[in-house]
Amino acid sequence: MKPLTKHDVEHIAKLAYIKLSEKETDELGTQLSNILSHFDSLSSVETEGIEATGHTTDSNTVMRSDHPEQPLDQNDVLRNAPDRDGEFVRVRPVLE
Amino acid sequence: MTTQANNSDLHFASVRELQSKFNNREISSTEVTKATLNRIAKLEPRLNAFITVTPENAIRDAQQADERLLGTGQEPTALTGVPVMVKDNFSTKDVLTTAASNILKGYIPPYDGTVVSLLKQAGAVILGKGNLDEFAMGSSNETSAFGPVHNPWDTQRVPGGSSGGASAAVSAGQCFMAFGSDTGGSIRQPAAFCGVVGMKPTYGLVSRFGLLAFGSSLDQIGPLTRTVADCSDALNIISSHDHRDSTSVKAPFTDFGRELHMGVDQMNIGVPREYLVEGIEPGIRSAFEASLETLESLGANISETSLPLTDHALAVYYIIAPSEASANLSRYDGVKYGLGSLNANTSAEATQSARGEGFGDEVKRRILLGTYALSAGYYDAFYKKAQQVRTLIRREFTDSFLKFDALVTPTSPNVAFKIGEKINDPFQMYMNDVCTIPVNIAGLPSISVPGGMSEGLPVGLQFIGPQFGDTTVIRVAAAYQRATNWHKNHPLI
């Protein structure tokens, strides 16, 4: 596993929608590379033909009956929005 | 610095003892709730175990519980009138819920999570919301945006994490029981560090609806208590099938305390040697060996065994948990709730700024780690590989439980460490959970009980059972607890 470059960290941060300072970008490069180096040992485990476990209850797609339930009050839900206009949530321009 | 002491003070009563005081009319829930709120106010400057305390709600709920206890309302339950804390990653209607993160600044949920609803229906008195590592990511409670929690046994030390507020509060008599979440040890390790009981039930037994998600395939809610009996009473209240959580199981829900008094005579208990890791503290090792002798004296057959894949569990966990976290935490976009960024030029910039400012260092680290593990070109090498090894770890446990009724290990290789000691070395911090993580990977039930003292600090003893063997785990832990007095030690604070 080769260490992450500054460019790698910037790319991941962009994918994750997190703005990082210069200092954070540098520190995270070192820390993440160190953590990732501990994962190399996994390649020594033979997993040819082994199924992947997503979760441990072994249930598949769970369906529920299609009955409407009492929804939450709209005002209660919208009261937490940082920028609200009546019954709308306002966002910054989506297109540059 | 504090020392151990036996204290029969009201604040350190078990829930069953408190219920008998209610039944004998020695004290009312309102009285005990007020006394507990006073103790919280007195100790918070030193402990910081709560993010939010809700005295008015608590006194109102206690008054209603008193009516129930007097027989004028609904039939009381094992938790009616009992002052409890819930971790601040449980959604609570109309009560601030932060997950100890700045990104949820001011967030007032419009609904109760299922466990909170069940506690309210049972008549429990919720005192407030417990401090935690931000989004439950941490082993020391130092990553909280609301400051660290201090261990009541030595306030220079961490209480463990991520349910550090819960373990400190139960230990210090700020509540009679608390509810936390455990993704890789976040109930059991803090329980060990603070000298209380903490249980992670089988995955799927307790609804996660309304638990702010971290690693969805690993997260499980469970109780922190003073006794194993209280723990089984709590599990009886909070376990249920819930159609709002698609991983909630329809397992036979039984009285989890039905084997509480059966003892361990002739039970086969395995000691996996990989859990006695290199670097385990000598005080932990000697306490563990003494505990094995206790179990043998009770008639259990103790034998060493090997689970070789244990050595890979940490790597599997630190791929799967951050991957799931990176997806779960994508909902915090600064649009619908929490910290927003109103001055940005575009929607994308607003989200990037809100997340850059709102998330702390450890949360950013894990989101980036997960994003990387799931990104193009790395998915097979990391995420898929980890899920395949997860299958093998499960099989290894399943095979082991053909021979053993339960496994026993130390809960953590070390006692509570000093605040600041490990926070700058993420991997050293992750090593804290080396004994608890494999259990979450396999979805098994596990409990940590007070199992000795080392250098004046509590040591935890962990029992692990087969999937849905929750009653067995409780049985073994209860037998151990009847034979020992460690759970009767309380910090002098």
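How many residues of chain A are in contact with chain B, and how many of chain B with chain A? In this predicted model, 45 residues of chain A are in contact with 56 residues of chain B. For chain A, with 96 residues, a compact globule would have a radius of gyration near 12 Å, but the chain has 22 Å.

**The two chains**

- Chain A contains 3 helices and 2 strands, and their order along the sequence is α-α-α-β-β.
- The C-alpha trace of chain A spans about 55 × 45 × 20 Å along its principal axes.
- Buried residues account for 20% of the 96 residues of chain A.
- Chain B contains 15 helices and 13 strands.
- Taken along the principal axes, the C-alpha atoms of chain B fill a box of roughly 65 × 55 × 45 Å.
- In chain B, 64% of the 493 residues are buried.
- Of the contacts in chain B between residues at least 6 apart in sequence, 77% join residues at least 24 apart.

**The interface between chain A and chain B**

- The contact between the chains involves 45 residues of chain A and 56 residues of chain B. On the side of chain A that touches chain B, at least two residues come from each of helix H1 (6-15), helix H2 (22-37) and helix H3 (74-78) of chain A.
- H2(A) gives the most to this side of chain A, with 5 residues.
- The side of chain A that touches chain B comprises 24 nonpolar, 12 polar and 9 charged residues.
- H1(A) packs against helix H11 (residues 361-374) of chain B at an angle of about 95 degrees, with the two axes 9 Å apart. H1(A) is therefore roughly perpendicular to H11(B), since angles of 65 to 115 degrees are counted in that class.
- In this packing, A:Ile12, A:Ala13 and A:Leu15 of H1(A) meet B:Leu368, B:Thr371 and B:Tyr372 of H11(B). The residues of the contact comprise 5 nonpolar, 1 polar and no charged.

**Strand E7 of chain B and its partners**

- Strand E7 (residues 220-225) of chain B has 6 of its 6 residues buried, so the strand is largely enclosed by the rest of the structure.
- E7(B) pairs in the antiparallel sense with strand E5 (residues 177-182) of chain B, over 5 bridges. In this pairing, B:Ala178 stands opposite B:Leu224 of E7(B).
- Strand E6 (residues 197-200) of chain B also runs antiparallel to E7(B), to which 2 bridges join it. Here B:Thr225 in E7(B) is the bridge partner of B:Val197.
- In a regular strand, side chains alternate between the two faces of the sheet.

**Backbone geometry in the loops of chain B**

- Most residues other than glycine have a negative phi, and most peptide bonds are trans.
- B:Ala99 has a positive phi, near 50 degrees, and lies in the loop between strand E3 (83-87) and helix H4 (114-122) of chain B. B:Ala99 has 31 other C-beta atoms within 10 Å and is therefore buried, the cut-off being 20 or more.
- B:Ala136 also has a positive phi, near 65 degrees, and is located in the loop between E4 and H5 of chain B. With 29 other C-beta atoms within 10 Å, B:Ala136 is buried.
- The peptide bond from B:Gly161 to B:Ser162 is cis, with omega near 15 degrees. B:Ser162 is placed in the loop between strand E4 (125-130) and helix H5 (164-172) of chain B.

**Surroundings of B:Gly128**

- B:Gly128 belongs to strand E4 of chain B and is buried, because 27 other C-beta atoms lie within 10 Å.
- Apart from its neighbours within four places in sequence, B:Gly128 is in contact with B:Phe50, B:Thr52, B:Val53, B:Thr54 and B:Met85.
- The C-alpha atoms of B:Gly128 and B:Asn57 are separated by 9.0 Å, although the two residues are 71 residues apart along the chain.

Note on methods
Residues are numbered from 1 along each chain as its sequence is written. Chains are lettered from A and ligands numbered from 1 in the order in which they are written. This is a predicted model: local features need pLDDT of at least 70, side-chain atom pairs count only at pLDDT 80 or more; totals for chains, interfaces and linings use all residues. Helices (H or I, at least four residues) and strands (E, at least two) are DSSP runs, numbered from the N terminus. A residue is buried if 20 or more other C-beta atoms lie within 10 Å of its own, exposed if 12 or fewer, and partly exposed in between; C-beta atoms are placed from the backbone. Two residues are in contact if their C-beta atoms, placed from the backbone, lie within 7 Å. Ala, Val, Leu, Ile, Met, Phe, Trp, Tyr, Cys and Pro count as nonpolar, Asp, Glu, Lys and Arg as charged, and the others, Gly among them, as polar. Two strands pair if DSSP finds at least two bridges between them. The radius of gyration is taken over C-alpha atoms; the globule rule is 2.2 Å times the number of residues to the power 0.38. Axes are lines fitted to C-alpha atoms, for helices over the stretch in contact, and angles run from 0 to 180 degrees between N-to-C directions. Angles under 35 degrees count as roughly parallel, over 145 as roughly antiparallel, 65 to 115 as roughly perpendicular and the rest as oblique.
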